[in-house]
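Here is a briefing on one protein chain. Look over the sequence and structure, then read the points by topic.

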Amino acid sequence: MSQSPAVPRLLIHGVSGRMGQSLLRLAAERDDLQVVAAVSRSKPSQRVLDGLPYFASSELSGVPAFDVAVDFSLAAGFDPILTVCVQRGAALVSGTTGLESAQREALGRAAERIAVLSAANFSLGVAVLEELIERAASALQGWDCDIVESHHKHKLDAPSGTALALGARAEQGGAQPRYASLRAGDIVGEHTVQFTGPGERIELVHRATSRDVFARGALHAAAWLAGREPGRYQLRDMLL
Ligand code: NAD
């Protein structure tokens with residue numbers, strides 16, 4: 001393994017967004033990460049705020065040295081942050097959902113050169129839910145499997161990345177999941193996985209009531225990933 005930096009230097013990508021603001025606030029409370037740059041789509045109104053330099057995504061090539069980036073942006077913003085991480089040899093934690101297949105392939109190629117950890121959901125509860133779903137799906141062969149997800153009305157992708165990840169685990173257990181999406185109000189994120197058989201039904205439900213859950217998980221991942229060998233890491237590698 002390469003030498004771990006003493007306190008990993010962190011770049012936050014998508015800092016002006018809902019997740020970015022949560023990441024920024026929670027990162028300031030940690031002593032195992034040092035935020036050195038904040039990046040979002042548009043040119044910042046202030047270059048330096050609370051001692052932290054801000055950049056537009058078009059200025060990524062000029063950001064200071066960093067060891068790990070945490071990216072919670074949109075699919076349209078993903079390619080430049082991946083490129084700069086590879087150029088700088090920095091690790092990448094990405095929570096951005098709705099990536100195109102070409103972008104997922106590029107992430108796979110990047111993992112030959114840098115450490116990457118991408119997850120559609122950084123909550124511990126969802127990690128456990130995935131295990132439960134696979135177990136239920138394999139025990140309930142032939143039952144209908146339906147995944148219903150609800151999110152705030154600004155969310156762009158549907159079904160959510162989390163719903164698709166849960167569905168992939170259901171498929172591993174032998175189910176053929178169907179999806180339904182609701183976009184309403186300010187819902188942070190709710191997922192119900194329903195298994196329906198003749199005369200009975202199981203519902204597994206996860207409700208996130210605060211974005212801090214995801215931000216904490218992603219920051220924990222960043223501290224864990226910085227300085228690791230190139231490769232594609234999973235949340236479960238970190239939890240084991
Ligand atoms: P948001 O719309 O509030 O913020 C998006 C951020 O991305 C902003 O800072 C914006 O400036 C930046 N951005 C948008 N387009 C860009 C571009 N072309 N180039 C550079 N930056 C760009 O969104 P949000 O609610 O904070 O969610 C951000 C992402 O995180 C979404 O993809 C969402 O689905 C995902 N998400 C993942 C998890 C998880 O646990 N993995 C949890 C919540 C949200």
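Arg169 is buried, at a relative accessible area of 5%. Buried means under 20% relative accessible area, exposed means over 50%, and partly exposed lies in between (1.4 Å probe, protein chains only). This is a predicted model, in which local features need pLDDT of at least 70, side-chain atom pairs count only at pLDDT 80 or more, and totals for chains, interfaces and linings use all residues. Residues are numbered from 1 along each chain as its sequence is written, and side-chain values use heavy atoms, with hydrogens and water left out.

**Salt bridges: Arg169 and its partners**

- Arg169 forms a salt bridge with Glu131, and their closest N and O atoms are 3.5 Å apart. A salt bridge here is a side-chain nitrogen of Lys or Arg within 4 Å of a carboxyl oxygen of Asp or Glu.
- This pair links distant parts of the chain: Glu131 sits in helix α4 (residues 124-139) and Arg169 in helix α5 (residues 161-172), 38 residues apart. Helices (H or I, at least four residues) and strands (E, at least two) are DSSP runs, numbered from the N terminus.
- Glu131 is partly exposed, at 42% relative accessibility.
- A network of salt bridges links Arg169 with Glu130, Glu131 and Glu134.

**Salt bridges: other pairs**

- The structure holds 13 salt bridges.
- One of them joins Arg9 to Asp67, with the closest N and O atoms 2.9 Å apart.
- Arg9 lies in strand β1 (residues 9-13), and Asp67 lies in the loop between β4 (52-56) and β5 (68-71), so the pair ties together parts that are 58 residues apart in sequence.
- Asp67 is buried at 15% relative accessibility, whereas Arg9 is partly exposed at 32%.
- Arg207 also forms a salt bridge, with Glu190, and here the closest N and O atoms are 3.8 Å apart.
- That pair links distant parts of the chain too: Arg207 is in strand β11 (residues 200-208) and Glu190 in strand β10 (residues 189-197), 17 residues apart.
- Arg207 is exposed, at 57% relative accessibility, while Glu190 is partly exposed, at 28%.

**Strand β10 and its neighbours**

- Of the 9 residues of β10, 7 are buried, so this strand is largely enclosed by the rest of the structure.
- Strands β10 and β11 run antiparallel and are joined by 9 bridges. Two strands pair if DSSP finds at least two bridges between them.
- Thr192 has Val205 of β11 as its bridge partner.
- β10 and β11 form a hairpin with 2 residues between them. Gly199 in the turn has a positive phi of about 80°.
- Strand β8 (residues 144-151) runs antiparallel to β10, and 7 bridges join the two.
- Asp144 has Thr196 of β10 as its bridge partner.

**Nonpolar surface patch**

- Leu124, Val128, Leu132 and Leu239 make a nonpolar surface patch of about 360 Å². Patches are made of residues with over 30% relative accessible area and no salt bridge; like charges are joined within 9 Å, and nonpolar side chains (Val, Leu, Ile, Met, Phe, Trp, Tyr) within 5 Å. Accessible areas come from the Shrake-Rupley method with a 1.4 Å probe, and for residues only the protein chains shown count as cover.
- Helix α4 gives the most to this patch, with 3 residues.
- Leu132 is found in helix α4 and is partly exposed, at 39% relative accessibility.
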